[in-house]
Amino acid sequence: MTQASDMTAPTVLRMEGVSKVFAGGVTALKDMNLTVRQGDFISLLGPSGCGKSTALRLIAGLMHPTAGRVQWEGSQQAGDLGVVFQEATLMPWATVAKNVWLPMRLRGVKFGDVEAQIHDALKMVGLENFANSYPRELSGGMKMRVSIARALVTKPRLILMDEPFAALDEITRNKMNRDLMDLQKTLNCTVIFVTHSVFESVFLSNRIVVMAPRPGRVAHELRVDVEGPRDEDFRTSAEYAALCRAASDALSDAMGEQA
Ligand SMILES: Nc1ncnc2c1ncn2[C@@H]1O[C@H](COP(=O)(O)OP(=O)(O)OP(=O)(O)O)[C@@H](O)[C@H]1O
């Protein structure tokens with residue numbers, strides 16, 4: 001099985017000359033261009049303050065660009081976008097299944113009408129037996145799985161993930177990385193993933209967009225075209241080490257560009 005960039009895949013969205021200047025004059029993002037294709041797993045990699053979260057919020061439509069535009073291919077439907085944040089942000093008073101229902105509930109869909117869909121989403125993240133549990137009964141990794149199920153339940157065209165595994169211990173994080181990789185391959189979904197971690201970005205992505213701060217901007221883009229499965233053997237391979245080195249060099253270069 002390969003995980004390579006497919007330049008012929010249909011476009012999901014384009015960022016064209018997107019800039020964001022906040023009141024007070026901070027240029028959080030300057031002239032970002034990005035074409036996102038079906039099946040891409042794109043990591044936005046960069047130091048604190050380089051505009052990664054701003055780029056995600058602009059793509060999510062949670063704020064508007066000061067210049068440029070974010071253009072979806074085809075008309076955008078409700079449920080086209082799934083978002084996973086660093087915190088699982090679950091409702092403590094609701095069961096796992098009711099938490100996963102949230103994006104549909106907000107659109108007025110009844111629980112009983114989508115119970116099977118909710119069960120499928122929970123199955124995808126390995127939590128089908130926890131539908132009636134409450135968040136307090138779950139580990140940090142399981143809470144994050146619920147958050148991922150909630151993002152997947154509408155079968156979105158694009159999933160945005162903002163450092164979803166940053167708060168997890170390393171073993172859980174590695175397991176979540178492997179499971180996310182498998183899920184992404186199975187569903188052929190499109191993901192934009194914010195991370196500070198070179199290792200995580202190389203393990204997961206077919207494209208790494210390296211960003212630089214002040215002003216936030218794209219400094220480099222690396223392709224990670226890997227033949228063979230991304231498993232623990234890949235994580236300990238010379239190929240992985242070389243790719244991490246290349247991403248690390250690109251990151252150092254981007255940070256050096258601040259001066
Ligand atoms: N609402 C806001 N008002 C003013 N400035 C902001 C606002 N949001 C972000 N910024 C500034 O814009 C810049 C980019 O912020 P952003 O959160 O996008 O960076 P980031 O790369 O996601 O950082 P981190 O990795 O720490 O989350 C920073 O200098 C930040 O202080």
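T186 is found in helix α5 (residues 170–187), where helices (H or I, at least four residues) and strands (E, at least two) are DSSP runs, numbered from the N terminus. T186 counts as exposed, having 9 other C-beta atoms within 10 Å. A residue is classed as buried if 20 or more other C-beta atoms lie within 10 Å of its own, as exposed if 12 or fewer do, and as partly exposed in between, with C-beta atoms placed from the backbone. T186 and M124 are separated by 62 residues in sequence and by 9.6 Å in space, C-alpha to C-alpha. The model is a predicted one, in which local features need pLDDT of at least 70 and side-chain atom pairs count only at pLDDT 80 or more, while totals for chains, interfaces and linings use all residues. Residue numbers start from 1 along each chain as its sequence is written.

Helix α2 was examined next. Of the 10 residues of α2, 7 are buried, so the helix is largely enclosed by the rest of the structure. The buried residues are V96, A97, N99, V100, W101, P103 and M104. The cover over these residues includes α3 and α4. The axes of α2 (residues 96–105) and α3 (residues 115–124) come within 10 Å and cross at roughly 110°. Axes are lines fitted to C-alpha atoms, for helices over the stretch in contact, and angles run from 0 to 180 degrees between N-to-C directions. On the α2 side the contact is made by V96, A97, V100 and W101, and on the α3 side by I118, A121 and L122. Two residues are in contact if their C-beta atoms, placed from the backbone, lie within 7 Å. The residues of this contact divide into 7 nonpolar, no polar and no charged. In this classification Ala, Val, Leu, Ile, Met, Phe, Trp, Tyr, Cys and Pro count as nonpolar, Asp, Glu, Lys and Arg as charged, and the others, Gly among them, as polar.

Strand β4 (residues 41–45) is mostly covered, with 5 of its 5 residues buried. In a regular strand the side chains alternate between the two faces of the sheet. In β4, F41, S43 and L45 point one way and I42 and L44 the other way, and all are buried. Strand β4 runs parallel to strand β8 (residues 190–195), to which 5 bridges join it. Strand β9 also runs parallel to β4, joined by 4 bridges. Two strands pair if DSSP finds at least two bridges between them. L45 stands opposite T195 in β8 and opposite V210 in β9.

An open sheet of 3 strands has the order β3-β2-β5, and its pairing is antiparallel. Its edge strands, β3 (27–37) and β5 (67–72), each pair on one side only. On average, neighbouring strands of the sheet are turned by 15° against each other, direction ignored. Strand β2 (residues 11–21) and β3 run antiparallel and are joined by 7 bridges. In this pairing, R37 of β3 is the bridge partner of T11.

The ligand is surrounded by 13 residues, of which F22, A28, S48, S53 and T54 are the closest. A residue is near a molecule or strand if its C-beta atom, placed from the backbone, lies within 6 Å of it. Helix α1 (residues 52–60) contributes the largest share of this shell, 3 residues. The shell divides into 4 nonpolar, 8 polar and 1 charged residues.

Backbone geometry was also examined in two loops. A cis peptide bond joins R214 and P215, with omega about -5°. P215 is found in the loop between β9 (207–212) and β10 (217–223), and R214 has its place in the loop between β9 and β10 as well. R214 is a residue other than glycine with a positive phi, near 45°. R214 counts as partly exposed, with 15 C-beta neighbours inside 10 Å. K155 lies in the loop between α4 (140–152) and β7 (158–162). K155 is not a glycine, although its phi is positive at about 50°. With 13 other C-beta atoms within 10 Å, K155 is partly exposed.
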